[in-house]
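Let's take a walk through this protein from the inside out. Have the model open and follow along.

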Amino acid sequence: MRFTLLLAVAVFSSCTLTQRRQTEQLVAATLISDSQEAQLGFQVHEALKQENTRFLENPDVGFYVGGLVSKLTPFADKDRGGVKWQYFVIDDPGTVNAFATPGGRLYVYTGLLLEAETEAEVVGVLGHEVGHVVARHSARQLVAAKGLETVTAMALGKDPNDVALLAATLIGKGSILAYGRDMELESDTLGARYANAAGYAPQGLASFFEKLKARGELPGFLTFLSTHPTNTERIAKLNEQIAANGYRSTELGAASLKAIQAKIPR
Ligand code: ZN
């Protein structure tokens, strides 16, 4: 462990963006254990409950979302094993968003399920969120926000709850769930790959961005588009990736989504 940390500190001082990304990921994986991530995810969930977040209890909708998640996660598990994936549907038809928390909890708002036109679009968004978990973005965000030395000192401290406490303060300010451009693009790339591997048209996420862009809606911080990269850039990068890798999956699942949308309260 110490050797890895020293190596990480050495690399951290001068590096390209790619090197920094790799280093952050290494540091995050070294410093923040899977069980600490799971604890963070639990804390966020408790906070959501305290904020009176309404979770949709409809078993049909839950079963549907769970089915989509279970098509994606076998491919994600090849990149990062040991994640205990969980999913939640938030009953809020006015919010078009989804997010993931450390440890593998995925949250999707009913507003997003209602806004999507095809299942492939929902899968595109879920794949993106799965990507944030696989790439340990929340842990990396912690390192980026608090500084390597602070996180290292906490992680090597006597109290194993220190990192969780540190992270809880960040979650409180919302910063741990607000990722930068680099991480959003990385998650887009992972998500498109997982969607294609699961048999879905990998254009789903780009198509969803196009639709929101066409509607010209950029409401508050809770929307999926409120992250840093312009969606134009994200759409272009997704299309490049699909062409470069020869992704050919075609499933759209429009009819199955329509049937579920009819069961969602508006
Ligand atoms: Zn994201």
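Here is a look at the overall fold, the core, the aromatic rings and the cavity.

## Ground rules

This is a predicted model, where local features need pLDDT of at least 70, side-chain atom pairs count only at pLDDT 80 or more, and totals for chains, interfaces and linings use all residues. Residues are numbered from 1 along each chain as its sequence is written, and side-chain values use heavy atoms, with hydrogens and water left out.

## The fold at a glance

The protein chain has 13 helices and 3 strands (DSSP runs numbered from the N terminus: H or I of at least four residues for helices, E of at least two for strands). Of its 266 residues, 50% are buried, with buried meaning under 20% relative accessible area for a 1.4 Å probe, protein chains only.

Take the contacts (heavy atoms within 4.5 Å) with a separation of 6 or more: 75% of them join residues 24 or more positions apart.

## Two cores

A nonpolar core here is a set of buried Ala, Val, Leu, Ile, Met, Phe, Trp, Tyr and Cys residues joined through side-chain atoms within 4.5 Å. The largest one has 45 residues, and Trp-85 and Leu-113 have the most contacts inside it. Helix 6 gives this core its largest share, 8 residues. A second, separate core has 9 residues, among them Ala-28, Ala-139, Val-143 and Leu-148.

Back to Trp-85: leaving out residues up to four places away in sequence, Trp-85 touches Thr-73, Ala-76, Asp-77, Gly-104, Leu-106, Val-130, Val-133 and Val-134.

## Rings

There are 5 aromatic pairs in the whole structure (Phe, Tyr or six-membered Trp rings with centres within 6.5 Å; planes under 30 degrees apart are stacked, over 60 edge-to-face, the rest tilted). Phe-99 and Tyr-109 have ring centres 6.2 Å apart and planes at 50°, so they make a tilted pair. Phe-99 sits in strand 2 and Tyr-109 in strand 3 (residues 105-109), so the pair ties together parts 10 residues apart in sequence. Both of these residues, Phe-99 and Tyr-109, are buried.

Ring pairs also link Phe-55, Phe-88, Phe-99, Tyr-107 and Tyr-109 into a cluster.

## The cavity

The whole-structure search turns up 1 cavity of 30 Å³ or more (on a 1 Å grid over the protein atoms alone, points where a 1.4 Å probe fits but cannot get out; lining residues have an atom within 4 Å of a point). The largest cavity holds about 40 Å³ of space, volume being the space filled by probe spheres set on the points, which are joined across faces, edges and corners.

Its lining includes Glu-37, Arg-80, His-132, Val-133 and Tyr-179. Strand 2 (98-101) and helix 6 (119-134) each supply at least two lining residues.

Notes: 1 Å grid on protein atoms, 1.4 Å probe; cavity = no way out; pocket = protein on both sides within 12 Å on 5 of 7 lines; lining within 4 Å.
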